[in-house]
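Have the viewer open as you read.

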Amino acid sequence: MAKFVISGRADCPHFARAELLGDRLMRNLPDFRIHKIKKHPDDWEDWQKAECKKRGWKFGKSPMIWRELIDRGGKGALIGDANDFQEYCYHYYGAETDMDDNKALHIARENFETQLITMFEEKENQARHQPIEIAIYPAHHPSVYYLLLNLVNGYCFGLKKEISIRLITDQENYQFVLGTQLEIIDCASPCLYHIEIAENVRRGFENAQIILLFDDPQQQQQQQKVPPTRKGAAPPAERRVGHLVASWKEDRKLGTAGRPPVESKTERTKRLWNQLEEVKRQNQAKAVKVTCQENQKKGKEYGKKIREMLQVKAAKSKKMAV
C-alpha cells in the first residue's frame with residue numbers, strides 16, 4: 001500500500017495542486033492513501049524545521065511531501081515539493097494535473113479560510129475544557145496502572161471534572177508505559193480529556209497542577225547492589241527532581257508514595273516533606289480513631305506513670321539497703 005503525507009502552508013497554491021492530484025489518485029487507486037497536514041503560515045516554518053530535524057532531512061519549501069514506509073508516524077522517504085510529487089506520480093501511475101494558476105490560488109484561499117475557522121474552533125474548544133493537569137513520575141511504577149483506573153473512573157475528582165494526564169518515564173520503560181497509555185485510552189472514560197507520555201522530567205512537570213511522585217523500584221535495586229558514595233545520597237534522577245521541586249514558583253499540589261524521589265537541602269523542600277510526613281501521621285492516627293494530640297497526651301501520661309513507678313522502686317531499694 002502506498003501512503004503519502006502532503007504537508008504545507010494553508011495558503012500555498014502548490015499545496016493545493018499536490019492535494020488535488022493526491023485526491024484524484026486516492027479515488028482511482030484502492031491502495032493509494034494520502035494524509036494532509038495544513039499549517040498556518042506563521043506556524044509552518046517552525047513546524048517544518050522540527051519535522052526535518054526529527055527525520056534527518058534538509059528541506060525548506062512548501063509543500064513538503066514524503067512517503068511513509070510502514071504506517072503513519074513511521075520512518076518516511078522524502079519526495080520533495082509539488083513538482084517532485086507530480087513527476088513521481090507521472091512516472092509511477094501515469095497521472096498528472098492540469099490545474100491552472102487561478103484555480104490553484106482560489107483553492108489556496110479556501111484552504112487558508114478553512115484553517116482559520118479550524119484554529120478558532122480549537123481555541124473555543126480549549127476554552128470550554130479546563131481539565132486538571134496531572135503529572136505522574138515515574139509512570140512505570142507498578143502502582144501507577146491502578147491509580148490511573150481510579151483517576152479516569154472519577155473516584156478522585158468526580159465524574160464531571162475532566163483530567164489531563166502526563167506520564168513521565170525514561171526511554172528504557174517507554175514501551176511499557178505506552179501499553180499502559182493505550183489501555184487507559186481504550187477505557188473511553190468521559191473524565192479523561194487527554195493522556196500523553198513525556199521522557200523529559202522538566203517538560204513533564206510544565207503546567208501541572210498536581211504532581212504525583214513514586215519511588216523508583218529499579219533505582220532502589222541498584223542502590224542495594226552498589227553502596228552510595230556518601231551516606232543518604234540519592235541517584236542523579238532523584239536529585240534533578242528535587243531541584244525542580246525547589247524551584248517551583250507556582251502553587252502546585254504534590255503527592256508522594258513510598259520514598260519520595262527528591263533530595264534537596266533547601267528550606268522550602270524540607271518544610272514540604274515535613275508537612276507531608278505530618279499529614280501522613282494524621283491520616284494514620286485517623287484510621288485507628290486516635291488523634292495526634294490524644295496520642296501525645298496518652299504518651300505523656302504513660303511516661304509519667306513509668307517515672308513514678310521507678311521512683312517508688314528506687315525508694316524501696318534504699319530502705320532495704322539501710
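## A tyrosine and its ring neighbours

Tyr88 counts as buried, because its relative accessibility is 17%, where buried means under 20% relative accessible area, exposed over 50% and partly exposed in between (1.4 Å probe, protein chains only). This is a predicted model, in which local features need pLDDT of at least 70 and side-chain atom pairs count only at pLDDT 80 or more, while totals for chains, interfaces and linings use all residues. Residues are numbered from 1 along each chain as its sequence is written, and side-chain values use heavy atoms, with hydrogens and water left out.

Tyr88 and Tyr92 form a stacked aromatic pair. For such pairs, ring centres of Phe, Tyr and Trp (its six-membered ring) lie within 6.5 Å; planes under 30 degrees apart count as stacked, over 60 as edge-to-face and the rest as tilted. The two tyrosines are four residues apart in helix H3, so about one helical turn separates them. Tyr92 is exposed, with a relative accessible area of 59%.

The structure holds nine aromatic pairs. Phe4 and Tyr88 make an edge-to-face pair, because their planes stand at 75°. This pair links distant parts of the chain, with Phe4 in strand E1 and Tyr88 in helix H3, 84 residues apart. Phe4 counts as buried at 1% relative accessibility.

| Pair | Centre to centre | Angle between planes | Class |
|---|---|---|---|
| Phe4 and Tyr88 | 5.6 Å | 75° | edge-to-face |
| Tyr88 and Tyr92 | 4.5 Å | 25° | stacked |

One aromatic cluster takes in Phe4, Phe32, Phe85, Tyr88, Tyr92 and Tyr93.

## The sheet around E3

Helices (H or I, at least four residues) and strands (E, at least two) are DSSP runs, numbered from the N terminus. Which order do the strands of the open four-stranded sheet follow? The order is E2-E1-E3-E4, with mixed pairing; two strands pair if DSSP finds at least two bridges between them. Strand E2 (32-39) and E4 stand at the edges with a single partner strand each, so one side of each has no neighbour in the sheet. On average, neighbouring strands are turned by 25° against each other, direction ignored.

Strand E3 (residues 64-68) is largely enclosed by the rest of the structure, because four of its five residues are buried. E3 pairs with strand E1 (residues 2-9) in the antiparallel sense over five bridges. Across that pairing, Phe4 has Arg67 as its bridge partner, and Val5 has Trp66. E3 also pairs with strand E4 (residues 76-80) in the antiparallel sense, over four bridges, and there Glu68 stands opposite Gly76.

Helix H2 (residues 41-55) lies across E1, E2, E3 and E4, running at about 40° to E3. Axes here are lines fitted to C-alpha atoms, for helices over the stretch in contact, and angles run from 0 to 180 degrees between N-to-C directions; contact means heavy atoms within 4.5 Å.

## Helix H5 and the whole chain

Turning to helix H5 (residues 144-152), its buried residues are Val144, Leu147, Leu148, Leu151 and Val152. They line one face of the helix, because they fall within an arc of 125° seen down the axis, taken from the directions from the helix axis to the C-beta atoms. Gly154, with a positive phi near 85°, follows H5.

The protein chain has eleven helices and nine strands, and buried residues make up 37% of its 322 residues.
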